[in-house]
Amino acid sequence: MDLDQQIQALIKGAPQDGNTPQLIESIAPVLKLLAGRLRHLEYYVMQTLDNDWVMFTLSHRTQTEVEKNVIYAFPTLKDVSAGSFSRSDPNLIALPVPVVDILFQMLAMNNIYSTIFFETPGNVTVGTEVQRAELEQLIHQYWQSLVDAASQTNIPSDIA
């Protein structure tokens, strides 16, 4: 699925509560912008058998009291089992998730700091980090630009 198809699938699969589909539509340009910066249309995310995503807690190298929770997104299934990410726990699985879904889910996860997208198959040492705060800030800026544009179009041309 391309990014537009992913957004449409996300809207279609959203709870029909009168708000969520409209919310997704309103932030779709931001989701598409961030997803477009990444190399893959889907990534493998480690999950429990209950479909809860597995978070990893990272500690700062010199300031051990500084921690952040991250999700790892892998380009291939083989990369999930590489290196220190390997899990022998039979209650964990890795499933492919569309990149737009990953970004949208970050908004719902209050205790997540970021998602690290590993871009190069076979290399799980270098990734692209997308912080939840960055995503929220881009959404706020986008909405503000819409408000600003709407307020400027309501100004009469003969105001002077």
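**A friendly note on this predicted model**

1. Of the protein's 160 residues, 36% count as buried, a word that here means under 20% relative accessible area, with exposed meaning over 50% and partly exposed in between (1.4 Å probe, protein chains only). Please keep in mind that this is a predicted model, where local features need pLDDT of at least 70 and side-chain atom pairs count only at pLDDT 80 or more, while totals for chains, interfaces and linings use all residues. Residues are numbered from 1 along each chain as its sequence is written, and side-chain values use heavy atoms, with hydrogens and water left out.

2. To find your way around, start with the five helices and six strands. Helices (H or I, at least four residues) and strands (E, at least two) are DSSP runs, numbered from the N terminus. Along the sequence they follow the pattern α-α-β-β-β-α-β-α-β-β-α. The C-alpha trace spans about 70 × 40 × 30 Å along its principal axes.

3. Next, a look at the contacts, meaning heavy atoms within 4.5 Å. Among those in the protein with a separation of 6 or more, 68% come from residues 24 or more positions apart.

4. Ser114 counts as buried because its relative accessibility is 0%. Its side chain makes a polar contact with the side chain of Glu129 (2.6 Å). Such a contact is a pair of N or O atoms within 3.5 Å; within protein, one must be able to donate a hydrogen and the other to accept it, and residues adjacent in sequence count only if both atoms are side-chain atoms. Leaving aside residues up to four places away in sequence, Ser114 touches Asn69, Val70, Ile71, Met106, Glu129, Val130, Gln131 and Arg132.
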